[in-house]
Amino acid sequence: MLVAPYDRHVKKTKRRTGKGVEAAVPRELEPSFTIDSPEVRVYVGDCRGIVPRLPEAGKVDLIFADPPFNWNRAYDQWDDSMPREDYLRFTEEWLDGCVGALADHGSMWVNIPDDTAAEIVVHLKRRGLQMVNWCIWHYRFGQNTESRFISSHVHALYFAKDVGKRTWNPGAILEPSDRATTYFDPRTQNKKEGKAGMRVPMDVWYGPYWGRIQGNNRERRANHDNQLPEAYLERVIRACSNEGDLVMDPFLGSGTTGVIAHALKRRFIGVEFSDQNAKSAFERIKKGPVRLGASLGQSTAIHPARKLGERSAFLKGIDKLEFDFAPR
Ligand SMILES: C[S@@+](CC[C@H](N)C(=O)[O-])C[C@H]1O[C@@H](n2cnc3c(N)ncnc32)[C@H](O)[C@@H]1O
């Protein structure tokens, strides 16, 4: 029974009552919330104790992990102010659990800020995972400061156990290319690979519906100021899994991964330390997403379209482009 090391970062107030310690690693590995089809299971407890004991060890198709950043955030139950050494040990422990859960063809994403991105990359490479992309999630509403440049990005690290075997669905996430929307370059109409006028998104992610989920955002869940946008999880899940696949999130939070995975007919396992968060995430999964499909097919061009000349007729062709999905 893996109890001793895992109760260290239960908030002290909870530890005194003993309540948090019990929540850290449940004695029986029973999900607290379930849906039959497509299957959803939400476990309450410490993912380091739960993930290695899941019956699906070695069978998870896609893992998305957005861990606590150790930024002293007031989580419901988790202590987000560990000594650095403890945080690094915690990070390696949960990463190892996820690597063990991942199928040989599986993909794993980690959402992490500058502080610990390098350590995670090195650790996952040492564990034999292969890096596919080091993406950046860029948001335009960073915390204001005058003492340094304003932070406006988090790393989205994309790994696979075997790059050649992984699930990769570029057709499901295409966006209009700058050649089509901004430069009206006819070569995009005749390209040999992919769809005319469209491209796989670049590795810096931003655009409509990609901002931080502020208090007045339609997607916002109460008590979750670090909720990820639905657009982010929709891109990851559509690109890296198929209907019926098993998706797992070891840090469920407000439930963004679960709500999108379920809506896209993937099976889903979520783990969350706080029972209150887990309950709320499960309600959200049942209710469904707010903006599914809204971010698909949106141009992310940042320069104004060039002046229209004789090639302007090309613009009309853009209306006829076909998608593998139905953008709304
Ligand atoms: C950054 S938030 C996840 C946010 C989520 N991606 C979303 O969009 O809402 C991290 C979550 O992990 C939970 N957590 C922290 N430590 C955990 C652990 N060891 N096992 C499971 N969950 C944990 C926290 O309670 C918090 O809800």
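1. Start with a helix pair. Helix α7 (residues 230-240) and helix α8 have axes that come within 9 Å and cross at roughly 50°. Axes here are lines fitted to C-alpha atoms, for helices over the stretch in contact, and angles run from 0 to 180 degrees between N-to-C directions. The angle makes α7 oblique to α8. Angles under 35 degrees count as roughly parallel, over 145 as roughly antiparallel, 65 to 115 as roughly perpendicular and the rest as oblique.

2. A word on the model. It is predicted: local features need pLDDT of at least 70, side-chain atom pairs count only at pLDDT 80 or more, and totals for chains, interfaces and linings use all residues. Residue numbers run from 1 along each chain as its sequence is written.

3. Back to the pair. α7 passes α8 in a right-handed crossing. A crossing is right-handed if the near helix is turned clockwise from the far one by less than a right angle, and left-handed if anticlockwise. On the α7 side, E230, L233, E234 and I237 take part; they meet T256, T257, I260 and A261 in α8. Contact means that C-beta atoms, placed from the backbone, lie within 7 Å. The residues of this contact divide into four nonpolar, two polar and two charged. Ala, Val, Leu, Ile, Met, Phe, Trp, Tyr, Cys and Pro count as nonpolar, Asp, Glu, Lys and Arg as charged, and the others, Gly among them, as polar.

4. Next, α8 with α9. Helix α8 covers residues 256-263 and helix α9 residues 275-287; their axes come within 8 Å and cross at roughly 25°. That makes α8 roughly parallel to α9. The crossing of α8 past α9 is right-handed. G258, V259 and H262 of α8 make the contact with A281, R284 and I285 of α9. Three of these contact residues are nonpolar, two polar and one charged.

5. Now the backbone. Most residues other than glycine have a negative phi, and most peptide bonds are trans. S37 and P38 are joined by a cis peptide bond, with omega about -20°. P38 sits in the loop between β1 (33-35) and β2 (40-44).

6. N223 is not a glycine, yet its phi is positive, about 65°. The loop between β9 (204-205) and α7 holds N223. N223 counts as partly exposed because it has 14 C-beta neighbours inside 10 Å. Under this scheme a residue is buried if 20 or more other C-beta atoms lie within 10 Å of its own, exposed if 12 or fewer, and partly exposed in between, with C-beta atoms placed from the backbone.

7. K265 also deserves a check. K265 has a positive phi of about 65° and is not a glycine. K265 lies in the loop between α8 and β11 (267-272). With 13 other C-beta atoms within 10 Å, K265 is partly exposed.

8. The ligand comes next. 22 residues surround the ligand, and the closest are D66, F251, G253, S254 and T256. Two or more residues of the shell come from each of α3 (47-50) and β11. The shell has nine nonpolar, eight polar and five charged residues.

9. Finally, the whole chain. The protein chain has 10 helices and 11 strands. Helices (H or I, at least four residues) and strands (E, at least two) are DSSP runs, numbered from the N terminus. Of its 328 residues, 39% count as buried. Among contacts with a separation of 6 or more, 71% are between residues 24 or more positions apart.

Terms used
Two residues are in contact if their C-beta atoms, placed from the backbone, lie within 7 Å. A residue is near a molecule or strand if its C-beta atom, placed from the backbone, lies within 6 Å of it.
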